[in-house]
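Hi,

Here is the structure I promised to pass on.

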Number of protein chains: 2
Amino acid sequence: MQLQEPEGSLRRNETINISKDLMSLTIGIGPNIRKSAYFDSTLRDGVQSFSVYNHMLIPGHFGDPEGEYDRLLNSVAQWDVAAQRQVQMQGTDAGKLAQYLTPRDLTKTKVGQGRYVPLCDHQGWLINDPVLLKLSEETYWLSVADSDIHLWAAAIAQERGWDVRVTEPDVSPMAIQGPKAIDVAERLFGTMVYDLKNFGFIETTLNGIPLVLAKSGWSKQSGFEFYLRDSAKGAALWGVVKEAGQPFGIGPGAPNDIERLESGLISYGADIRWQHYPATPYEIGLGGLVNLEAGHEFIGRAALEAAHNSGPKRQRVGLVLDGTPAFPGHPCPVLRGSDEIGYVSEFAYSKRVGRTIGVGLVTLAHTGTGTNVMIELPYGTVAARIRKIPFV
Amino acid sequence: MQLQEPEGSLRRNETINISKDLMSLTIGIGPNIRKSAYFDSTLRDGVQSFSVYNHMLIPGHFGDPEGEYDRLLNSVAQWDVAAQRQVQMQGTDAGKLAQYLTPRDLTKTKVGQGRYVPLCDHQGWLINDPVLLKLSEETYWLSVADSDIHLWAAAIAQERGWDVRVTEPDVSPMAIQGPKAIDVAERLFGTMVYDLKNFGFIETTLNGIPLVLAKSGWSKQSGFEFYLRDSAKGAALWGVVKEAGQPFGIGPGAPNDIERLESGLISYGADIRWQHYPATPYEIGLGGLVNLEAGHEFIGRAALEAAHNSGPKRQRVGLVLDGTPAFPGHPCPVLRGSDEIGYVSEFAYSKRVGRTIGVGLVTLAHTGTGTNVMIELPYGTVAARIRKIPFV
């Protein structure tokens, strides 16, 4: 099938035309937005665009989006993800707090294991989807997506009178992602990197730089995250990793929207956000991490039990769009006839799929593969079809 | 005294030179950063730079910083401050929750009154400094600075089992600030605008657009805020206000860093932030809003009583810097001899003062007016003297 051009598939209307020219804006560097420990290093390596995440600048791209995508899929990319901040919970009740914060059963979680854990409010709405790292029986980190979970965790702990101190430690994650990340990691840390299971981690050092080495990262291309424990050593760590990666074609990159759409990864803040696009774990495809059967007490249990019993009303889906419309930078309504049945939170052209693909949340009746829908963009509507995720 | 040029007053070193050229970066418009209800209007009016605040784009300037400053001081500026989100607390226990969240005594706060209220955690550290609006005995808004207070408020309310629902309503503040703001407000709402006291507000409509009209705003130039209650009407409200302001020289602008430094206004996220620059209300100059004598229960009471009894160890100060060094975009250490005695959170050249001025937090022993200090910038050090705030 021929791809349609945006001009052809879009019905123009009178609203402002947010074209591709407006897809990037200038941001002022103010003191209210923090810089990463790798900020200077990414400037030296030619970062061209930033976003803001957890009140911190995070690189968006380095001027070669296609090359950066290829590097992630075929060799290895180096990402500054220091904006993925840590919420540290420390004290005799740290484990109790960690368990109370998530519907996922942590009973069997050992020191050195990480867990992807949905966090919900008392109504069962997601408020974040961090990775939990158990550093010791009394020390846990939540490696958080873009919301102030330290406030949430501190409020719960204090109101319950539990012995646990919530802080944001000096920890700055950097990721290497891609099929050759394992080679870079071996060169840096030796063959022990092959022993790490997914989400497994160890506390170690590299040239005297203290860090936590984890087999994790926000892509499906496999890789590692280095949780640097001294922000003064950001440039040193960036340099060491860059140097070790040279034989494997390492280059700078950033969490990749296209790859995450293809892989079906959730982006809290984009796909869902408590304030205006609330969703339960069941709706967003994380029902498998709600362990009601484990019987533990956790925030939102009653609401999630009710949601489980009634079944979800909406479901996360993939969408294949006609043509190559420009993504306007915000979620857009999905229509079936004249009914609004949900929204698409992001879409982009995927070279691998050969189509423009997106992810969204729609009412259950319309989630069947092949269902024809329309997407309402600021500059017109475009036809799309529902399909399952992941796309690849 | 002659102003020194930056080249002369700065000792160069080997770190990266973050020059004025790097003071703005490009930001990608991703779905994780929300757009304001006035986004299209500010684009049309030529916005040139944004920042990110409460996960939302907020205009930084419109390409004429000097003209925008003059407008704020001499006529009237129109600001998109929709990123100042509302945390709505509604229910029979809403007042109880509002009072429990702040050390300020709210006993005499009436419907239609706003209050500037520090919010602290259980250790007495500030987590936000919003304006509280009492809309009814059972409905309050916290018009918040840049942190996720909805998570904090919801956690407290739920853990206490109080009858109060915490939400983010569809409310988008726009401000008009400057000496002629009152004329614009009168033209829009009639002479009743003269009856509003500072922080006073009323629920009303303008051409059928529902809003809360408040005498408030983040400047010391006086003005009003329009809390739009239907984001679909952002462009309509922007247009009506712009039109009404024409005879008074209205033009677009944004919260102004220079004016706020001159006036000594606090910028939560810049001057202080829980995660890395924590401070108590006493240290930051808000001790007068900690009403221990009122005897009410509030979060952080025990910690603030102890802080009150021992007296603050640090104090907010103004700083006058030599020359016109470029602000590097992040807080910088303040030195006395070789001792680090605090930090300056932001500085800028003030035309009114005729010097480069900043605000910071330093240890009590060194807060005397005229104390000579050094400020450590990424590209060298610069001499400065302590003085009191406000500057004007």
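Before the helix pair, one bit of bookkeeping: the axes I quote are lines fitted to C-alpha atoms, for helices over the stretch in contact, and the angles run from 0 to 180 degrees between N-to-C directions. Also keep in mind that this is a predicted model.

**A helix pair in chain B**

Two packed helices are described by the angle between their axes and the distance between the axes. For helix α4 (residues 94-101) of chain B and α5(B), the axes come within 11 Å and cross at roughly 120°. Angles of 65 to 115 degrees would count as roughly perpendicular and those over 145 as roughly antiparallel, so α4(B) and α5(B) are oblique to each other. Their crossing is right-handed. On the α4(B) side, the contact is made by Leu97(B), Tyr100(B) and Leu101(B), and α5(B) answers with Ala153(B), Ile156(B) and Ala157(B). Sorted by class, that contact has six nonpolar residues, with no polar and no charged ones.

**Where the chains meet**

In total, 48 residues of chain B are in contact with 48 residues of chain A. On the chain B side, the elements that give two or more residues are β1 (24-28), α2 (39-44), β2 (49-53), α5 (149-160) and β19 (339-350). Which of them gives the most? That is α5(B), with nine residues. The class make-up of this side of chain B is 18 nonpolar, 21 polar and nine charged residues.

**How the two copies are related**

The same surface serves both copies, as 100% of the contact residues of chain B recur in chain A.

**Domains in chain A**

Chain A is divided into domain 1 (1-32 + 313-392) and domain 2 (33-84 + 171-260). Their contact takes seven residues from domain 1 and five residues from domain 2. On the domain 1 side, β1 (24-28) and β19 (339-350) of chain A are the elements that give two or more residues. β19(A) gives the most there, with three residues. By class, this side of domain 1 has two nonpolar, four polar and one charged residues.

Most residues other than glycine have a negative phi, and most peptide bonds are trans. Here are some exceptions to look at:

- Ile389(A) and Pro390(A) are joined by a cis peptide bond, with omega about 0°. Pro390(A) sits in the segment after β22 (380-387) of chain A.
- In chain B, the peptide bond from Ile389(B) to Pro390(B) is cis, with omega near 0°. Pro390(B) is in the segment after β22 (380-387) of chain B.
- Ser222(A) has a positive phi, near 65°, and is not a glycine. You will find Ser222(A) in the loop between β14 (209-214) and β15 (223-228) of chain A.

Over to you!

Note on methods: Residues are numbered from 1 along each chain as its sequence is written. Chains are lettered from A and ligands numbered from 1 in the order in which they are written. This is a predicted model: local features need pLDDT of at least 70, side-chain atom pairs count only at pLDDT 80 or more; totals for chains, interfaces and linings use all residues. Two residues are in contact if their C-beta atoms, placed from the backbone, lie within 7 Å. Helices (H or I, at least four residues) and strands (E, at least two) are DSSP runs, numbered from the N terminus. Ala, Val, Leu, Ile, Met, Phe, Trp, Tyr, Cys and Pro count as nonpolar, Asp, Glu, Lys and Arg as charged, and the others, Gly among them, as polar. Angles under 35 degrees count as roughly parallel, over 145 as roughly antiparallel, 65 to 115 as roughly perpendicular and the rest as oblique. A crossing is left-handed if the near helix is turned anticlockwise from the far one by less than a right angle, and right-handed if clockwise. Domain bounds come from an automatic or database domain assignment.
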